[in-house]
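Here is a report on one protein chain and its two ligands. Please read it with the model open.

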Amino acid sequence: MTTYDLAARAPATAPHYDRAHRAFHWTMAAIIVAAMLIGLYCAYQAPGTPVRRYLLEWHKSLGMTALVLAVLRIAYRLARAAPPYAERMGRLNHAAAAGAHVGLYGLMLLLPLTGYAFSAMGGYSLPFFWLFQWPRLLPVDKAAVPVAEDLHRYGAWAIYTVVGLHVAAVAWHQFVRRDGVLARMWPRRA
Ligand code: HEM
Ligand code: HEM
């Protein structure tokens, strides 16, 4: 499928996110959705089972990768603004999109930080794909673990909700308004 097909009414030359923004977006979307699904599955497995232990190693490794990428991405985003929209959008629509995007960036930091905090304070592993352990920057503090764990769990529900709304909004733009919003982020050749 070419960019033009996806762009609906937006030609390939319409304003779009640059290559780095797009690479960050799709790489991180894949990593975060994988972390969300693995986290959800693990939440329904009894603690200590081999499958949960194994999948949590993946979950934590993906989550810490997301943290590093989120920091780089936010710095890049602050340096390079988003492109203008091809079509005029209402103020409410703009505010909703901006709010959802800020929320997504916030959750991209909150989830890995709370996950890191409760794993570090609980004395649990902090792996990076069986290659090394991340430094343990917080002392073991069993009393504080439930606080960070609860924040991670509430954050998880928030990210399911905001990602769901984000994808629904993109679908609405693509199939109802047909204003080429998806094409702004879609991979393109040049
Ligand atoms: C983008 C990053 C992350 C996302 C989106 C994410 C998401 C989730 C989700 C959806 C759950 C299931 C929560 C539930 O429904 O109860 C979960 C659980 C968990 N997460 Fe994360 N997480 C991330 C990063 C991390 C990191 C970096 C760590 C640790 C270093 C971590 C450690 C855990 C652990 C140990 C659980 C199991 C909690 C339990 O069942 O008691 N997470 N995470
Ligand atoms: C199938 C899934 C997804 C699709 C189709 C999609 C599509 C898009 C599109 C078209 C935009 C541009 C919106 C605009 O110009 O107003 C965008 C922006 C954004 N997306 Fe997604 N997205 C998906 C999943 C995700 C996920 C899982 C995350 C992170 C958890 C995410 C985070 C963001 C952020 C933070 C922006 C704002 C970019 C900026 O202006 O800095 N997206 N997405």
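## Shell around ligand 1

Four helices each supply at least two residues of the shell around ligand 1: H2 (19–43), H3, H4 (91–122) and H5. H3 gives the most, with seven residues. This is a predicted model.

The shell around ligand 1 holds 23 residues, and those that come nearest are His59, Glu149, His152, Arg153 and Tyr160. By residue class, the shell divides into 13 nonpolar, six polar and four charged.

## Iron site of ligand 1

Two histidines are the protein donors of the iron atom of ligand 1. They are His59 and His152, each through NE2, lying 2.0 Å from the iron. His59 sits in helix H3 (residues 50–79) and His152 in helix H5 (residues 145–177), so the pair ties together parts that are 93 residues apart in sequence. Both histidines, His59 and His152, are buried.

Why is the arrangement around the iron atom of ligand 1 octahedral? The six donor atoms subtend angles of 88 to 178°, and this range makes it so. Six octahedral donors would ideally show angles of 90 or 180 degrees.

## Polar contacts of ligand 1

In His59, a side-chain N or O atom is 2.8 Å from a nitrogen atom of ligand 1. In His152, a polar side-chain atom lies 2.8 Å from a nitrogen atom of ligand 1.

Arg52 meets an oxygen atom instead. A polar atom of the Arg52 side chain lies 3.0 Å from an oxygen atom of ligand 1.

## Iron site of ligand 2

The iron atom of ligand 2 is coordinated by His25 and His166. Each uses NE2, at 2.0 Å. His25 belongs to helix H2 and His166 to helix H5, so this pair ties together parts that are 141 residues apart in sequence. Around the iron atom of ligand 2, six donor atoms subtend angles of 88 to 179°, which makes the arrangement octahedral.

Is His25 buried or exposed? His25 counts as buried because its relative accessibility is 14%, under the 20% limit. His166 has a relative accessible area of 21%, so His166 is partly exposed.

Ligand 2 has 22 residues around it, and His25, Arg77, Tyr85, Tyr105 and His166 come nearest. Five helices each supply at least two residues of this shell: H2, H3, H4, H5 and H6 (181–185). H2 gives the most, with five residues. The shell around ligand 2 divides into 16 nonpolar, three polar and three charged residues.

Polar contacts reach oxygen atoms of ligand 2 from several side chains. A polar atom of the Arg77 side chain lies 2.4 Å from an oxygen atom of ligand 2. For Tyr105, a polar side-chain atom lies 2.5 Å from an oxygen atom of ligand 2. Arg184 has a side-chain N or O atom 2.5 Å from an oxygen atom of ligand 2.

## Overall fold

The protein chain has six helices and two strands. From the N terminus on, the elements run α-α-α-α-β-β-α-α. Along the principal axes, the C-alpha atoms fill a box of roughly 55 × 35 × 30 Å. Of the 190 residues in the chain, buried ones make up 38%.

Ser61 is placed in helix H3. With a relative accessible area of 1%, Ser61 is buried. Ser61 and Leu131 are 70 residues apart in sequence, and their C-alpha atoms are 9.8 Å apart in space.

## Annotated transmembrane regions

An unreviewed UniProt entry lists residues 26–46, 58–76, 97–118 and 154–175 under "transmembrane region". How do the listed spans look in the model?

Residues 26–46 are 86% helix and 0% strand, with the end C-alpha atoms 32 Å apart. Residues 97–118 are 100% helix and 0% strand, and the end C-alpha atoms of this span lie 31 Å apart.

Conventions:
Residues numbered from 1 in each chain as written. Chains lettered and ligands numbered in written order. Predicted model: local features only at pLDDT ≥ 70, side-chain atom pairs only at ≥ 80, totals over all residues. Heavy atoms only, no water. Donors = N, O, S within 2.8 Å, 3.2 Å for Na, K, Ca; no water. Tetrahedral: all angles 85-135°; square planar, octahedral: opposite > 155°, others 65-115°. Buried < 20%, exposed > 50% of the residue type's maximum accessible area, 1.4 Å probe, protein only. UniProt positions renumbered as here; feature names shortened; annotations may be inferred. Near = heavy atom within 4 Å. Polar contact = N/O pair within 3.5 Å; in protein donor to acceptor, adjacent residues only side chain to side chain. Nonpolar A, V, L, I, M, F, W, Y, C, P; charged D, E, K, R; others polar.
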